Amino acid sequence: MSRREDSERILYYRLCVFPLRMPPLRDRSEDIRLLAEHFALLASQRLKIPHARLTDSAIEQLTAYAWPGNVRELQNVIERAVIVSQGGPLRVDVVLGPCGKKLHSAAVSASIFSREEMERRDEQNILKALERAQGKIYGVDGAAAILGMKPTTLTSRMKKIKLGKS
């Protein structure tokens, strides 16, 4: 066991004696920017790629997300965004995909939709993604990436609802 691992183990046992209560990340939105910047720097160094920039848009998306997985989920999202961004501005929207639309629990609607309503909403969602991607399906900035699904899944759904080439 290394000296560092031994020190961490000792610290762990000492902290277990004294309970620490920490509010969930969704209740500490002011911490998200600092944590995201820290995780982006660590991931960039570990992967040996240029440090990715954290834009105001990315911060807005991160603070709007509910973070059910707390800080570990934030770290995971930032690491994936660093990989996807390849040294440019962090592409949090691509990593969070449709899950990024999950807002704090107070803002989440408790509505239940019928199958027909879900299909109609799915069609509208696909159309909006295609519009944002300027008709492009494949690639990092394609509609499939925006929706957080495989391009083949998107094309299959488009055929099902009779969108695109006939």
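Visitor: Where is tyrosine 65 found?
Guide: Tyrosine 65 lies in the loop between helix H3 (56-64) and H4. Keep in mind that this is a predicted model.

Visitor: Is tyrosine 65 buried or exposed?
Guide: Buried. Its relative accessibility is 4%, and buried means under 20%.

Visitor: What separates the C-alpha atoms of tyrosine 65 and serine 29?
Guide: A gap of 9.5 Å. Along the chain, tyrosine 65 and serine 29 are 36 residues apart.

Visitor: Let's zoom out. How many helices and strands are there?
Guide: The chain has eight helices and zero strands. In sequence order the pattern reads α-α-α-α-α-α-α-α.

Visitor: And what share of the chain is buried?
Guide: Buried residues account for 27% of the 166 residues.

Visitor: What about contacts between residues at least 6 apart in sequence? Which percentage joins residues at least 24 apart?
Guide: That share is 54%.

Visitor: Back to helices. How do H2 and H4 cross?
Guide: H2 covers residues 32-47 and H4 covers residues 70-85. Their axes come within 9 Å and cross at roughly 50 degrees. H2 and H4 are therefore oblique to each other. The crossing is right-handed.

Visitor: Why quote both an angle and a distance?
Guide: Because two packed helices are described by the angle between their axes and the distance between the axes.

Visitor: Which residues meet there?
Guide: From H2, they include Ile32, Leu35, Phe39 and Leu47. From H4, they include Val71, Leu74, Ile78 and Val82. The contact of H2 with H4 divides into 12 nonpolar, two polar and two charged residues.

Visitor: New topic. How many residues are in the largest nonpolar core?
Guide: It has 22 residues. Leu62, Trp67, Ile78 and Leu90 have the most contacts inside it.

Visitor: Which helices supply at least two residues each?
Guide: H2, H3, H4 and helix H5 (92-96) each do.

Visitor: What is tryptophan 67 in contact with, leaving aside neighbours within four places in sequence?
Guide: Tryptophan 67 touches Leu25, Arg26, Ile32, Leu62, Glu73, Leu74 and Val77.

Visitor: And which residues does the second core include?
Guide: Ile126, Ala144, Leu147 and Met149 are among them. This core is separate and has 13 residues.

Methods: Residues are numbered from 1 along each chain as its sequence is written. This is a predicted model: local features need pLDDT of at least 70, side-chain atom pairs count only at pLDDT 80 or more; totals for chains, interfaces and linings use all residues. Side-chain values use heavy atoms; hydrogens and water are left out. Axes are lines fitted to C-alpha atoms, for helices over the stretch in contact, and angles run from 0 to 180 degrees between N-to-C directions. Helices (H or I, at least four residues) and strands (E, at least two) are DSSP runs, numbered from the N terminus. Angles under 35 degrees count as roughly parallel, over 145 as roughly antiparallel, 65 to 115 as roughly perpendicular and the rest as oblique. A crossing is left-handed if the near helix is turned anticlockwise from the far one by less than a right angle, and right-handed if clockwise. Contact means heavy atoms within 4.5 Å. Ala, Val, Leu, Ile, Met, Phe, Trp, Tyr, Cys and Pro count as nonpolar, Asp, Glu, Lys and Arg as charged, and the others, Gly among them, as polar. Buried means under 20% relative accessible area, exposed over 50%, partly exposed in between (1.4 Å probe, protein chains only). A nonpolar core is a set of buried Ala, Val, Leu, Ile, Met, Phe, Trp, Tyr and Cys residues joined through side-chain atoms within 4.5 Å.
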